[in-house]
Amino acid sequence: MSQFASLSLSDNVQPNVTPRKETIRVLFEQINWNEMIKNEVLRQRDYQVLVRAQENLEFTLDNTNDAVELGRILMKISGNPNDVLVTKYAFFLTEEVLGLSGDYSIARGGAVGKNIAHIFTFGNMYLNDGSLVKALSCQDVSIQRSAGLIFAHLLNLYEGSSDRLKDWIISKLISSTEGVWESAMPALTTYLRGSTARKNSLIEAGAVQNIATIFRNLDIKQNTQQVYELCFILWTLSLGEVEMSAFLASGIIPVLVDLLTAAPTRKVTRMTLATLKNLSVSEDDAVLNEMFTATLPKVLDTMHHNHFLKTAADDEVESDFKFLQEVLARNFRELSSYERWASQVQSGSLRWGILHTEKFWRENAKFVEHDNFKSLKTLIHHLESKDPAVVCVALYDLGEFTRFYPNGRVVVSRLGAKDKVMQMMESDNAEVQRHTLQCISKIMVNNWEFLR
């Protein structure tokens, strides 16, 4: 680099040099700028702008012409993601320009590049995002991560190829390769600060389902920071008016309730409570049903008896906690009514929920005799359903009726259910077999409690 000796970086150590700035400095010095100029990838005056940025980034950005040139140069030299060294340098410096080198989950109001994002656009209107799109398919994970974060931040300010970033995020969440999904977390967290339409498009693309799968494969105790970040994303996705079907289909509610029980860190508990509160606001029957089935009321009671609120000492946490308690208490009686169970049986849409629990049957078994056991007869008919889930629920309800209704075994036998259940032991479905065995045990044994 001798021909540019007069332009080399100052040997003086600058104050407040962060690890990221030091990384940028090292990368700058490792790049063969002479070769790039020789191959006309870069002009000498472009190199001079980069040197000034290395010497004093804030001063460079304060100069309108230099700032615009720096944005153009960084997007240009990052256009070949196969040149890992140059691309890393360009993207890492871009993060510094935009003030993204800190904690990406926290908006940084005082960042150097707070009002400078326009230098990465065409005419202050549309993103110059060609190099960012290319980098998303780069083999280097750190380049992908950096490009995704920059892309998401700029999309919150200007129009660009939003669908390309969304598809990349979803592809990372789907991946089963260890460490891959983490590369999308900065981009996803930042991307969700955009419009409600953007949030809904992620939900429709399967983000909630993907996150639920990640949770199930994650060691919660050993990965508390990742757990917190995932909770933060779920909280963001659950804000405002959202389509609840994705949250129900993903099975994320039981996962969140399990997180409350595990309580790996205080901030995870806080974010989990806030997410469950968001989901309960609409008082959607299916959502509340899921919460009851996952024993959320019991978990909250345990937390209350363990003086959780006193220990948390947080007004927002207390507000979310009490809101959940009140919603669940207010809806329990209505959701667990016998009429709702009878209606579900008649429709044939049997699904696990508060209507199929020991507590429900302890309180409602006596009502099944109405209309000469009409609903019980229909329940027995559902044992012939082609849907294994319906069959399992029917077997459970039949067994619980036998337990809690006086002479329940006699009634069940008289209606032919006992013989029908016995024949189901030959089922090819393991879950059906398991529930069949439990049902038979309840029918045959006087003291079922001793076998549990």
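This is a predicted model: local features need pLDDT of at least 70, side-chain atom pairs count only at pLDDT 80 or more; totals for chains, interfaces and linings use all residues.
User: How do I work out the span to expect for a helix?

User: Which residues of H3 are buried?

Analyst: They are Asp 46, Tyr 47, Val 49, Leu 50, Val 51, Ala 53 and Gln 54. These buried residues pack against several helices, among them H1 (19-30), H2 (33-38) and H6 (84-98).

User: And how should I describe a pair of packed helices?

Analyst: Two packed helices are described by the angle between their axes and the distance between the axes. Here, take H8 (residues 141-155) and H9 (residues 162-174): they pack at about 135°, with axes 11 Å apart. That angle makes H8 oblique to H9. The crossing of H8 past H9 is left-handed.

User: Which residues meet where H8 packs with H9?

Analyst: From H8 come Gln 144, Gly 148, Phe 151, Ala 152 and Leu 155, and they meet Ser 162, Leu 165, Trp 168 and Lys 172 of H9. By class, this contact has five nonpolar, three polar and one charged residues.

User: Is Ala 184 buried or exposed?

Analyst: A residue counts as buried when its relative accessible area is under 20%. Ala 184 is buried because its relative accessibility is 0%. You will find Ala 184 in the loop between H9 and helix H10 (185-191). Leaving aside neighbours within four places in sequence, Ala 184 is in contact with Trp 168, Ile 169 and Lys 172.

Terms used
Residues are numbered from 1 along each chain as its sequence is written. Side-chain values use heavy atoms; hydrogens and water are left out. Axes are lines fitted to C-alpha atoms, for helices over the stretch in contact, and angles run from 0 to 180 degrees between N-to-C directions. Helices (H or I, at least four residues) and strands (E, at least two) are DSSP runs, numbered from the N terminus. Angles under 35 degrees count as roughly parallel, over 145 as roughly antiparallel, 65 to 115 as roughly perpendicular and the rest as oblique. A crossing is left-handed if the near helix is turned anticlockwise from the far one by less than a right angle, and right-handed if clockwise. Contact means heavy atoms within 4.5 Å. Ala, Val, Leu, Ile, Met, Phe, Trp, Tyr, Cys and Pro count as nonpolar, Asp, Glu, Lys and Arg as charged, and the others, Gly among them, as polar. Buried means under 20% relative accessible area, exposed over 50%, partly exposed in between (1.4 Å probe, protein chains only).
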